[in-house]
Amino acid sequence: MALAEVRTGDDALAQAALARAHDAYTQLGDALGLALCDEVLAIHLRRIHDHAASAALQAEIDQRDGFERDAMYRFVAHNSRAITHKVLGHIDEALRHFYAAHEAAQQTELQGPLITAISNLGGYHQTLFNLEDGRALSEQALKLAREAGARQIVGNSASNLVLAYHALGEPVLAREMAEFLLTHPDELLPGALRR
């Protein structure tokens, strides 16, 4: 709950859920659970624009031992570090973590992490103006997101594709993707078109 809310939801709900999780994991002596709590805290710090503190906490978590980092944990951690490095302007580090998140997502064998990893990687390639890579990844993410009903990623990937097609000199495809967004609001999060 804390992870879901801290990313795009209500920060007060995220902090309340995080406090409950931290208390439970402390009572259990669960080092993995406590590390996940700190991963959520690092996302919160980034969300409030304290990027340096987020990066410092993530670096400290990476030095910890005493728990196994399974594929899902590695996906969450690498994805979060990639975003932190992205906002700090560390291109090579961000790319390295986005690719590591993609690898971990594949190892989870779950659609949610995989779709998220592909979408994030495609979006970042587009940010770097690696348009062909961004286009291919965003097309893949859009297809998978539509099949899974992952509404946030449908909107993100389709929006990325409008820009990628336009920048690649393919205005017909850009217009078709823009029309897709306008004619399929049921596949998007509420308010996505306004945003």
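## A helix pair

The crossing of helix 4 with helix 5 is left-handed, a term used when the near helix is turned anticlockwise from the far one by less than a right angle, clockwise being right-handed. The axes of helix 4 (residues 51-62) and helix 5 come within 10 Å and cross at roughly 145°, where axes are lines fitted to C-alpha atoms, for helices over the stretch in contact, and angles run from 0 to 180 degrees between N-to-C directions.

On the helix 4 side, His51, Ser54, Ala55, Gln58, Ile61 and Asp62 meet Tyr73, Ser80, Arg81, Thr84, Val87 and Leu88 of helix 5, contact meaning heavy atoms within 4.5 Å. The residues of this contact divide into five nonpolar, five polar and two charged; here Ala, Val, Leu, Ile, Met, Phe, Trp, Tyr, Cys and Pro count as nonpolar, Asp, Glu, Lys and Arg as charged, and the others, Gly among them, as polar.

## Basis of the model

This is a predicted model, in which local features need pLDDT of at least 70 and side-chain atom pairs count only at pLDDT 80 or more, while totals for chains, interfaces and linings use all residues. Residues are numbered from 1 along each chain as its sequence is written, and side-chain values use heavy atoms, with hydrogens and water left out.

## Overall fold

The protein chain has ten helices and zero strands, these being DSSP runs numbered from the N terminus (helices H or I, at least four residues; strands E, at least two). The radius of gyration of the protein chain, taken over C-alpha atoms, is 18 Å, close to the 16 Å that the globule rule (2.2 Å times the number of residues to the power 0.38) gives for 195 residues, so the chain is as compact as a globular protein of that length.

Along the principal axes, the C-alpha atoms fill a box of roughly 55 × 35 × 30 Å. Of the 195 residues, 41% count as buried, where buried means under 20% relative accessible area, exposed over 50%, and partly exposed in between (1.4 Å probe, protein chains only). Among contacts between residues at least 6 apart in sequence, 50% join residues at least 24 apart.

## The nonpolar core

The largest nonpolar core has 30 residues, and those with the most contacts inside it are Phe75, Leu142, Met177 and Phe180; such a core is a set of buried Ala, Val, Leu, Ile, Met, Phe, Trp, Tyr and Cys residues joined through side-chain atoms within 4.5 Å. Helices 5 (71-88), 6 (91-108), 7 (111-127), 8 (131-148), 9 (151-167) and 10 (171-183) each supply at least two residues of this core. Leaving aside neighbours within four places in sequence, Leu142 is in contact with Val154, Ser157, Ala158, Leu161, Met177 and Phe180.

## Individual residues

Ser138, found in helix 8, counts as buried at 1% relative accessibility. Beyond neighbours within four places in sequence, Ser138 is in contact with Gly122, Gly123, Ser157, Asn160 and Leu161. Glu187, in the segment after helix 10, counts as buried at 16% relative accessibility and touches Arg146, Arg151, Val154 and Phe180, not counting residues up to four places away in sequence.

His49 lies in the loop between helix 3 (31-47) and helix 4 and has a positive phi of about 70° although it is not a glycine; at 63% relative accessibility, His49 counts as exposed. Phe129, in the loop between helix 7 and helix 8, has a positive phi of about 65°, again without being a glycine, and is exposed with a relative accessible area of 56%.
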